[in-house]
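The following exercises are to be worked with the sequence and the model at hand. Each task is followed by a stepwise solution.

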Amino acid sequence: MSKARQSTGATIAAHAVLIVYTIIALFPVFVIVINSFKTRQAIFREPLTLPDSDSFSLIGYQTVLKQGDFFLYFQNSMIVTVGSLFFILLFGAMAAFALAEYRFRGNMLMGLYLALGIMIPIRIGTVAILEMMVQTGLVNTLWALILVYTAQGLPLAVFILSAFMKQVSDDLKNAGRIDGLSEYKIFFRLVLPLVRPAMATVAVFNMIPIWNDLWFPLILAPSEQTKTLTLGSQVFIGQFVTDWNAVLSALSLAILPVMALYVVFSRQLIRGITSGAVK
Amino acid sequence: MTALELDKICKSFGSVEVLKDISLTVEDGEFVVFVGPSGCGKSTLLRIIAGLEDPTSGTVAIGGDMVNTVPPAKRGIAMVFQSYALYPHLSVKDNMTLGLKQEGQPKAVIEERVTKAVRMLGLGAYIARRPSDLSGGQRQRVAIGRAIVREPKLFLFDEPLSNLDAALRMNMRVEIADLHRKLGASIIYVTHDQTEAMTLADKIVVLRDGHVEQVGSPMELYNNPANQFVAGFLGSPSMNFLEKSVAGQTAGTILGIRPEHLRLTENGRIRGTITHVERLGGDTNLLVITDADEKLTVRLFGQYDKSVGEATALDFDDSHAFHFDQDRQRIYQSAA
Ligand SMILES: Nc1ncnc2c1ncn2[C@@H]1O[C@H](COP(=O)(O)OP(=O)(O)OP(=O)(O)O)[C@@H](O)[C@H]1O
Ligand SMILES: [Mg+2]
């Protein structure tokens, strides 16, 4: 990557803007995390101070952990998010490859049909989806969520990935064909590694909404066995009393896995950008 | 045995006819060059030979076998692309061995062939590098190496040198000629650089708008072009075509004279004014506008003290002139 030549003034300005933005973006997270380590009174009395020996308390975390199933919720959220991302990326990339690579009747129409899915929110179909899940016996299974999220994520994934795949050089794919690679190998071994940054982008785009979603877990999988973290945390928010310690602790814990996933994907993203194209 | 035989190949993309009725043979060990202007269908023809594209009609036979339905990897060909098309995430060595591994060759054979190719191309120091860490010329060599290790019956080169700078291009040109001598393989080489075509080819195929204009050895095409297109395409600077500038010219015919066959003389049959002088040291090129308002180029050997605006008279030897009719076809003069 060539270094952009900029004046120091512009560099400082750019950094200042980015730092200000970072502070604004991180502030709520910071407040949540520090307050999760405080007693209930301290949270309300001075919400912006760091916990000291007086106000420090792990009561929130204890409540959360005592709420026995919390690890299960974690696990459920993780399975649903990772599973959905896996299927979105796999099927999205495959469909994108077909649309980008092969000339066949209805190619355009298919692309447009998929693009339509980007504009129509899947929640409109909630009732129909619920009926389908009931009929297929998938209600209260994690599969219900994985399937719905996969459907929700696919249109945008196909759209973004096919745009990137069109840019992979034909010569490269043809070289693979002459070397005897099957179409599947060309897809998995030549094209996928080259569109990795786009895959990471799609993954990051889809990950957060899936992880945070309350709607579909509440409707399709509210049972104790299949609750996700977001749904599970709701027990601490009552109509009359809210256990703020527990809520804040649960939220703090919920940040960690997404952060880990994000680090994984963003590293891919950066590696892809810096590896550079080969002519 | 013939290395390649094309029989009445046609190719259309939708309603656009890109190749029209192309028939052609390549003998064993022959170096055949396809030349033609951009968009004339050279790459398309090459891709049909490679099996990357299906012809709309016609048959392709490689080494005597009809291969229309044979996939690219099984045709006994190897191709070198203009863009190199190296696998960016594989090392130089893996780039070269991928095809052999797919063929299921034993390890010993793979090692032996790679070692040989690496030695031949002087790639020893780069074997573990990624393509992105190589220069253009080195990448091109790796791409050629990838083709060599397959030991194909027929090599296909699609403008392999067009991304290189002039000096490197000349080196690689010599290397490719050398390689052909060493391997003795049949080669089809696409280019729109006529120097490459003239210097490398045993046989040149001139294509235009999807059909073959003429096939022949470089000197045959140069000395005996079948039509105005071929005459103008080969040779640099290209041939002058005059309709009315020559005193005593038959109306309705076009006279073709190569720039090097024109000379300055007092009472030449062509009169004009010099509009530009190019001094190349060894040669001097004069651009002249004739009194009949046609442009021509004169190539003089040595250095001449001519200046722009100077009136001049030119002449040529009749045996060096070509005649073309209004359909751009050659009119053969009855031998004197
Ligand atoms: N997939 C395609 N669909 C439609 N038209 C195509 C396709 N591929 C090539 N063509 C057309 O076929 C013609 C020949 O293309 P080709 O790539 O063979 O030209 P070329 O002789 O290799 O030119 P260049 O010297 O610029 O590489 C061009 O007019 C091109 O627009
Ligand atoms: Mg081409």
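**Exercise 1.** Which helix gives the largest share of the shell around ligand 1?

*Solution.* The model is predicted: local features require pLDDT of at least 70 and side-chain atom pairs pLDDT 80 or more, while totals for chains, interfaces and linings use all residues. Residues are numbered from 1 along each chain, chains are lettered from A and ligands numbered from 1 in written order, and side-chain values use heavy atoms, without hydrogens and water.

Step 1. Helix α1 (residues 42–50) of chain B supplies the largest share, three residues; helices are DSSP runs of H or I, at least four residues.

Step 2. The shell (heavy atoms within 4 Å) includes Phe13(B), Lys42(B) and His192(B). Its residues comprise three nonpolar, six polar and two charged.

Step 3. Polar contacts are pairs of N or O atoms within 3.5 Å. Ligand oxygen atoms lie 2.8 Å from a polar backbone atom of Gly39(B) and 3.1 Å from a side-chain N or O atom of Glu159(B). The protein covers 60% of the 630 Å² of accessible area that ligand 1 has on its own (Shrake-Rupley method, 1.4 Å probe).

Note on methods
Polar contact = N/O pair within 3.5 Å; in protein donor to acceptor, adjacent residues only side chain to side chain. Helix = DSSP H or I, 4+ residues; strand = E, 2+ residues; numbered from the N terminus. Nonpolar A, V, L, I, M, F, W, Y, C, P; charged D, E, K, R; others polar.
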